[in-house]
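These are my notes from a first look through one structure. I took up strands, then rings, then the ligand.

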Amino acid sequence: MSSPETLRVAVIGSGPAGIYTADALTRQNREHVAVDVLDRLPTPYGLVRYGVAPDHTKIKGVARALRTVLEHPRVRFLGGVEYGRHVGLEDLRGAYHAVVFATGAPTDRRMGVPGEDLPGSVAATDFVNWYCGHPDTEVERFLLDAEEAAVVGAGNVALDVARMLAKSADELRATDVPQPMLDVLAASKVRRINVVARRGPLHAKFTAPELRDIGELANADAVVDPAEVAIDPNGEEMLGAARAARTNLRYLKEWAERSAEGRPREVRFRFWRRPVRLNGAERVQSLTVERTVLDADGRLQGTGETEELPAGMVFRSIGYQGLPLPDLPFDEGGATVPHHEGRVVDAAGERVAGAYVAGWIKRGATGVIGTNKSDAAATVRSLLGDADLLREGGGPREHPDALLERSGAEVNGYEGWLAIDAAEAALADRLGRGDRVKLLGWDEFRRAARG
Ligand code: NAP
C-alpha cells in the first residue's frame, strides 16, 4: 500500500456491489490500486449471505466468484468496521484517496395502513434476517405459531418468504439455516400463505424461475383464483407485457386450472388486492384488503369492495430502502445517495470530494446480483477517471492501518472470516446437515475467528 503511485480506495460494504467494485478497481487499473473492503459484520458477502434464501444454493454459489476478489493480492477484507461508528468520512479521506459506499438498502418500506405496528406484523427483511441467521436477529423473533400468514407484495422477496414458510424442515435440513431457526421452522403451524398483490399478474415483479419454484413445491399447493388471472392471451393487455410477465402468467394460469393436491400447506396468490388495515388486539388476526382496478390512465384505484383475510402473521414485502449515511447527502424520495455517474453530489449538485457510490444505495433496491457488476464498473470508471484529481495535494496523510488501530474496531480480516467459514462447515458435519450451518450471533463469530 505504500508506493506513492498507489491509489488507495476504501469500499464500504462487502456485498456484491462492494466486491464488484473492488474487482473492477483491480481489473481496470491493475498496477496502481490498493483496495480495502470494510464491513460492519465480521463476515463478507452482504445479501448473498444474509439475503439470498438458504434454499437458493445456486444463487449463493456466486460467493465463490466473490471470494476470488477478496483473495486478490491488492484487496483486503476488513470486517467488524462500521462506518459512522468506528470511522467517519474525514477519517477515511485522511487514509484513502477515495471511498466507495456500497452499503445497500438495509431497511424495509412501510405500507402506511392502520394496524401495521401490531405484534405479528413484520417486515419481510426481519424474517429474511432471521432465517439467514443475521447476527443482529434473535431466535425468539419468530414463533411461526399461526396457521394463516399473509405476504404483501409481488416481488421475489415475497416469493422467498412464501417458499421458506411453505417448505418442510426436512427440505431445509441441507441448507445453512442456523439450527435453532430450523427447529422453529420444524414446529411451524403455518398452513396457508396468502401472497397479496395490489396489481395484476402481468404487473408482478416476480422473475419467472422464482415463480416456477412455487408450483414445484413438494410440501405446498400453489393456488390461484382463475378470475384473478383472467387475461386474454391474444388481447391488448398482452401486447405491452414483457416476456417474463407472459411466462409468469402462463404458470399462474396453469395453477388456476389444476385442483389442489392436498399437500400440507398452500401458497395462495391474491391479485388485485391492496392492504387497507390490519386487525387484532393483542396481535394481528387478519388483513383487510380492498379489490383494485386500473383506471384508463393505468393508475391503481380501489373499488371500495373489501375482504378480510385471516392472518396471524403479516409480512410486508414491498421493497427495501436505503438509509442515510453520516456526512453524506441523502435523497429521501429515492432513499439513495445522490450522485452523478457514481460521484456523490450534494443538493446543489456540488461534488463531495473523494466519495462515490455503487449498488442499491446508488440506484435503489432493484435488479439481481449480476446487475451490480456493471453498476460497480461504471462507478469505478468515474473514480479512475478522477485519479489525477484524487492524487492532488499529496494524497492521504495516514496509513489505513493507523486509522484502523485508533478506530477502536475489533477488525476481523480475511483469515478470521476463513476461520468462521471452516467452523460453519464443521458444524454442518457434526449435525449431519449439508455443506454449511451458519453460526449465530456475534459471540459465536468471535470464538470461531479466534480459533
Ligand atoms: P420489488 O421487486 O420491488 O417488489 C415490491 C413489490 O411490492 C411490488 O410488487 C410492488 O407493487 C409491491 N408494493 C410496493 N408498495 C406497496 C404497497 N404500499 N402495498 C402493496 N404492495 C406494494 O422488491 P423485492 O421483492 O423486495 O425485491 C428487491 C430486489 O431484489 C428486486 O430487484 C428483486 O428481483 C431482487 N431479488 C431477487 C431474488 C432472486 O433473484 N432470486 C430474490 C430476492 C430479491 P407495485 O409493482 O404495484 O409497486
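Which residue in β2 is the bridge partner of leucine 7? I looked it up and found valine 33. I note here that the model is a predicted one.

**Entry 1: strand β1**

I followed β1, residues 7–12, along both of its neighbours. On one side, six bridges join β1 to strand β2 (residues 33–39), and the two run parallel. With strand β4 (residues 98–101), β1 also pairs in the parallel sense, over four bridges. There I found alanine 10 opposite valine 99 of β4.

Next I checked how covered β1 is. Six of its six residues are buried. I then sorted the side chains by direction. Leu7, Val9 and Val11 point one way, Arg8, Ala10 and Ile12 point the other way, and all are buried.

**Entry 2**

Eight strands form an open sheet with mixed pairing, and I wrote down the order as β16-β17-β18-β4-β1-β2-β3-β19. β16 (339–340) and β19 (412–413) stand at the edges with a single partner strand each, so one side of each has no neighbour in the sheet. I also looked at the step from β4 to strand β18 (residues 351–357), which is parallel and has three bridges. In that pairing, phenylalanine 101 stands opposite valine 357 of β18.

**Entry 3: aromatic rings**

How many aromatic pairs does a search of the whole structure find? I noted 13. One of them joins phenylalanine 127 and tryptophan 130, a stacked pair with 5.6 Å from centre to centre and 15° between the planes. Why are these two separated by about one helical turn? They are three residues apart in helix α6 (residues 124–131). Both phenylalanine 127 and tryptophan 130 are buried.

I compared this with phenylalanine 206 and phenylalanine 269. Phenylalanine 206 has 3% relative accessibility and counts as buried. Phenylalanine 269 is buried too, at 1%.

I then found a cluster in which ring pairs link Phe127, Trp130, Tyr131, Phe142 and Phe315. Over the ring of phenylalanine 142 sits the charged end of arginine 141, 5.2 Å from the ring centre. Elsewhere I noted arginine 250 over the face of tyrosine 251, at 5.4 Å from the ring centre.

**Entry 4: the ligand**

I listed what surrounds the ligand. There are 22 residues around the ligand, and those that come nearest are Ala154, Arg198, Arg199, Lys205 and Gly367. Helix α7 (residues 156–166) gives the largest share of this shell, three residues.

Which residue puts a polar side-chain atom 2.8 Å from an oxygen atom of the ligand? I noted arginine 199. Alanine 154 has a backbone N or O atom 3.0 Å from a ligand oxygen atom, and valine 157 has a backbone N or O atom 3.0 Å from one. Last, I looked up the cover: taken alone the ligand exposes 920 Å², and the protein buries 84% of that.

How values were computed. Residues numbered from 1 in each chain as written. Predicted model: local features only at pLDDT ≥ 70, side-chain atom pairs only at ≥ 80, totals over all residues. Heavy atoms only, no water. Phe/Tyr/Trp six-rings, centres within 6.5 Å; stacked < 30°, edge-to-face > 60°. Buried < 20%, exposed > 50% of the residue type's maximum accessible area, 1.4 Å probe, protein only. Lys NZ or Arg CZ within 6 Å of the ring centre and 35° of its normal. Pairing = 2+ DSSP bridges. Near = heavy atom within 4 Å. Polar contact = N/O pair within 3.5 Å; in protein donor to acceptor, adjacent residues only side chain to side chain. Areas by Shrake-Rupley, 256 points an atom, 1.4 Å probe, with all protein chains shown as cover.
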